[in-house]
Amino acid sequence: MSTSQITFLKGHGTENDFVIVPDPDNALDLSVSVVARLCDRRAGIGGDGLLHVVRSAAHPEALAMAGQAEWFMDYRNADGSIAEMCGNGVRVFARHLRRAGLVDEGDLAVATRGGVKRVHIAKDGDITVSMGRAELPGDGVTVTVDGRSWEARNVNMGNPHAVAFVEDLAHAGELRSVPPFSPQSVYPDGVNIEFVVDRGPRHVAMRVHERGSGETRSCGTGACAVAVAAARRDGADPAETGAPATYTVDLPGGTLVITEYPDGGIDMTGPAVIVAEGVIDPSWLETMIG
């Protein structure tokens with residue numbers, strides 16, 4: 001890896017925070033260990049994940065999407081592992097592109113490992129992401145914390161989720177480690193686990209353990225999974241009712257509005273903020289990877 005003048009930014013979407021590394025030509029080799037150190041909150045910059053900003057045509061995983069989306073969000077979890085998608089990350093990714101003058105307000109396509117996502121950057125500041133369709137595999141799991149157990153619905157938003165409705169969010173426990181679930185075979189590559197309580201009609205609150213990151217202040221795909229699971233529980237499946245289902249989802253870091261349409265499409269609307277930018281110290285990076 002070249003260690004000369006590597007720039008970074010820091011941003012968040014409902015306090016789900018990210019290190020942003022612009023690299024249009026895909027010139028940087030961001031290894032697992034490098035990403036993990038950059039995301040370290042004590043020894044690095046700190047973040048729930050890393051957004052590697054690359055032109056689709058320059059990245060082998062996104063080349064096939066280059067005709068649909070100029071930019072590829074090469075997303076990494078805080079432990080350096082690769083992830084398919086991150087809903088809050090897409091909004092922050094779009095905010096960076098707009099701030100850098102690389103895109104205009106209005107509609108935008110972003111390539112991700114979970115497919116091409118359609119984004120709308122509104123003049124009022126909020127960003128809406130078309131998150132695609134949810135898949136609902138029939139096999140769920142049982143999640144157990146401190147002697148309490150819940151059946152969790154299996155929802156896939158391009159990445160896997162297990163959604164458990166509970167009486168109190170405190171019942172989720174500390175969420176630093178993965179809550180035990182069974183059978184393990186349902187999620188061989190790990191899972192994001194959401195714990196959900198009702199706040200009112202079509203209004204819920206949640207906490208989440210994100211795969212590879214622990215508890216985070218927000219999870220966009222998780223909020224979508226929760227809204228989908230709540231709609232099925234409430235008898236409000238848009239495919240059956242013919243009407244959109246909109247849920248307000250409160251997270252520790254803020255609020256997202258999720259709408260599922262009769263054709264299965266899901267929109268997520270919320271804020272995205274860039275808070276800082278700078279340069280990674282080359283000598284620190286050389287020492288870290290040496």
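Before you start selecting, note that the model is predicted, with local features needing pLDDT of at least 70 and side-chain atom pairs counting only at pLDDT 80 or more, while totals for chains, interfaces and linings use all residues. Numbering runs from 1 along each chain as its sequence is written, and side-chain values use heavy atoms, leaving out hydrogens and water.

**The overall count.** The structure holds 16 salt bridges, each being a side-chain nitrogen of Lys or Arg within 4 Å of a carboxyl oxygen of Asp or Glu.

**Stop one: Asp-74.** Select Asp-74 together with Arg-113, and you will find a salt bridge with an N to O distance of 2.6 Å. Asp-74 sits in strand S4 (residues 71-77), while Arg-113 belongs to the loop between strand S5 (106-112) and strand S6 (115-121), so this pair ties together parts that are 39 residues apart in sequence. Strands here are DSSP runs of E with at least two residues, numbered from the N terminus.

**Stop two: Asp-234.** Next, select Asp-234 and Arg-233, a salt bridge whose closest N and O atoms are 2.9 Å apart. Both count as partly exposed: Asp-234 at 39% relative accessibility and Arg-233 at 37%.

**Stop three: a network.** Finally, pick Lys-10, Asp-17, Arg-41 and Asp-48, which salt bridges link into a network.

Conventions
Helices (H or I, at least four residues) and strands (E, at least two) are DSSP runs, numbered from the N terminus. Buried means under 20% relative accessible area, exposed over 50%, partly exposed in between (1.4 Å probe, protein chains only).
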